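Please walk through this structure with me, beginning with a sheet and then turning to the contact between the chains.

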There are 2 protein chains.
Amino acid sequence: MDRLTFDYGNMMAPRLSGRGIDPARLDAMADRFSGVVRQVERQREDGTLGFLSLPYETQLVDQIRKFADSPASLFEDVVVLGIGGSALGTIALRDALLPAGWNTLSADARNEEPRLHVLDNVDPRTIGPLLDRLDLSTALFDVVSKSGTTAETMSQFLIVRDRLRAVLPDEEAYRRHLVFTTDPDNGVLRDLARKEKIAALPVPPNVGGRYSVLSAVGLLPAALVGIDIEALLAGARAMDQRCRSDVLAENPAGLFAALQWLAHTEAGAPIHVMMAYGDALYSIADWFRQLWAESLGKQKDLDGADVFVGPTPVKALGTTDQHSQVQLYVEGPFDKTFTFLRLGEHTVDVPIPEIYGDIDALAYLGGHTLGQLLDAEQRATAAALARHGRMNMTIELPALTPHAVGELLMMLEIAAVYMGALYGIDPLNQPGVELGKRLTYGLMGRSGYEDTELPDADPRWISR
Amino acid sequence: MDRLTFDYGNMMAPRLSGRGIDPARLDAMADRFSGVVRQVERQREDGTLGFLSLPYETQLVDQIRKFADSPASLFEDVVVLGIGGSALGTIALRDALLPAGWNTLSADARNEEPRLHVLDNVDPRTIGPLLDRLDLSTALFDVVSKSGTTAETMSQFLIVRDRLRAVLPDEEAYRRHLVFTTDPDNGVLRDLARKEKIAALPVPPNVGGRYSVLSAVGLLPAALVGIDIEALLAGARAMDQRCRSDVLAENPAGLFAALQWLAHTEAGAPIHVMMAYGDALYSIADWFRQLWAESLGKQKDLDGADVFVGPTPVKALGTTDQHSQVQLYVEGPFDKTFTFLRLGEHTVDVPIPEIYGDIDALAYLGGHTLGQLLDAEQRATAAALARHGRMNMTIELPALTPHAVGELLMMLEIAAVYMGALYGIDPLNQPGVELGKRLTYGLMGRSGYEDTELPDADPRWISR
């Protein structure tokens, strides 16, 4: 089977007229890298890195298949209530692996699979009308929260529960419209699942939100809409095997991490733009944005010293952002690297007809396809950046298949862990979000948080 | 009428325990700023800054109204073919000012107004199926390109023209499904409009794409779906008047620009995150991203010297990105400022029911609304950033109205021009995108571009 390829030539000084990374510096990483791989293998063994086991969990796949192939197949809408790591992976899988505009297609065009909504915000203007429109009697709600305490998701759950009970007063009936994806033993949702006999799937305790796409968090919604989750996991396994090599030159996640780390710490590029060529790949860039920011943005290193590190991930969309961001990318500061995502093959394509052959500005387009134009623009943009001395690399998926997407997600997750080791920080925690949560609790009047009062706005510094 | 307020207290050193901007440094900008305003007023007079006149073009509004209120009202789908500045403003207006999920609503819920699609990419997987699904006999295509040479938009146009002619062989009929928004006198689309008698609206030559939202580029689609464009322009006029003051403390766009410039050049923050609280405001952050990047990302200053400047704009969405980016924002490097967009009032809201009062982690939510939660999280995030020494400011729209959106767009456009003056660069050009266009032409076989061959990939630096 064709597999993902990763071209990093445009990161290297010989291709960038001296800017970029000296190949000798990359070679010099080899020793340190094999130490990193050994450390990761130890953490695989001791269970610290639970996400590495997910592609091998055949029992979980059976459990999900059983759930997805039974009464769920009767639902017309699947609604995920979740935010951050409980939503981004599912959105990435949906947008990459279902036909575009899935939720607007007829049931026939969807092969009778349900629509898939992911509610990952608490905007009343979005949620109110959507719930008003949904036929709750044919909708399944998947409430995804490891702890069961996420304010946004639990608010949505309270609203949905209330509405479901109003439409389906019978407890047996109501219950069938809910499934919880949560900690296997503890927490609010697990307790409720037990008490109210609601179906529940596990998020392993050693898998954090941003590494959870290949757990039930992402697999259940994917299976419910007919995505081939076995192929997705096979792709992830294939990549995991490639990334067990402690030879840097043979380990794609290792190369990705080593190059990004050198680009940031030695070549002055703290901003990492992931530019997806194709609408279907854009949500993977958004998923990556969480993986990179939460894993690597840290105040403390492993010794507890203040380091305030972390590259800033940015998502971009080609060709669209050529007309929005590329002016800055080409001419602005040399503070960025670019990772392009592209497809080797377009299984859906649209020919551009040969009309207006007498108009120079149009004639060259006819006879090509939109897929060819998209590909040409990606190659042209990568080359233009390189000629302007801007480091960039290109990941090519052979085609838009579950296997290729599984490879890509796994490669990036492993790369995040390697990056954590190179920066000397913990890529698995997120202590910085606690203060905001506490202050929100205070503003919402949660008992025990009365000491979190906010200062008043200062009228000196308000323009009205 | 309530107007937009701008709170920048959390940019200032006294609120950030010494990090951030010294109030004396802001005061010291006053003289220089009044010079900037005088320069902008001269450029308003001499026609360099065409966008400043747009809110006063009553004749254009009449022309658009005439078009929008006539046969167009019979269409069920309006499809904009455009990219970059020809699309981002329209998307921002649609998402901010129409009910959420507009295109999925019934005709009744849309007050019989048409759906609005904006095709701003050339992904065949998106465009092919969409065109297959559309009923072309009730669709209007607005082709938006100032020059009529944009490869992406013209490819779409060729495809659409071919399909329209197949469905509507009668020339009279076919023609009524097209409108061009383009240069008033020159270019490919203007010539075609004349030759094929197709309706056309003007983009003034002195208005660049990223400053064109209040021209026919944004106003025509907005009017076609029932947005109150007069109120939008009234808001823009109100802001323009506020921003004619050469007293920095009274000029909101001036304060915005001065603070951002100080934050970047004196307080070490080259990254400018715009974080919209509410799904409806997110596309404004995306529009802003083009405005900021293309206007300020420049290799040369006005004297032609290499400067390679430009802050990097980043879009973020609250509350969603609290669970994705805030870890980095709070704990990572001190290289960012944050501009929050929020609403003073939620005209659509959803109450959170009071159930599970015995569960501590849920009880505090009941009795509030989703709007209150969204607001509390914004305030909490701003305060948490400030406590961690991170500069941030908050723009509050009194409500989600065309007037308030008009105020906001105009404020940001004027701020971009002020920023250009402060950096000493031209905020109106975009020379950096030319090379990529030339290389694309070469790859697509356009005659005259045979000299743009790309180097082969280097097998040393490919991981397969």
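Which residue of β1(B) is the bridge partner of A:I462? The partner is B:D7, and the strands are taken here from DSSP runs (E, at least two residues, with helices as H or I runs of at least four, both numbered from the N terminus). The model is a predicted one, in which local features need pLDDT of at least 70 and side-chain atom pairs count only at pLDDT 80 or more, while totals for chains, interfaces and linings use all residues. Residues are numbered from 1 along each chain as its sequence is written, and chains are lettered from A and ligands numbered from 1 in the order in which they are written.

β13(A) and strand β1 (residues 5–7) of chain B run antiparallel and are joined by two bridges, where pairing requires that DSSP finds at least two bridges between the strands. They belong to an open, mixed sheet of six strands, ordered β13(A)-β1(B)-β12(B)-β11(B)-β7(B)-β10(B). Because β13 (462–463) of chain A and β10 (312–318) of chain B each have a single partner strand, they stand at the edges, with one side of each left without a neighbour in the sheet. Helix α15 (residues 370–387) of chain B packs on this sheet, touching β7 (271–277), β10, β11 (336–343) and β12 (392–397) of chain B.

Elsewhere, β1 (residues 5–7) of chain A pairs with β13 (residues 462–463) of chain B in the antiparallel sense over two bridges, and A:D7 stands opposite B:I462.

Between the chains, 118 residues of chain B are in contact with 119 residues of chain A (C-beta atoms, placed from the backbone, within 7 Å). To the side of chain B that touches chain A, α15(B) gives the most, with 12 residues.

Notes: Contact = placed C-beta atoms within 7 Å. Axes fitted to C-alpha atoms, helices over the stretch in contact; angles between N-to-C directions.
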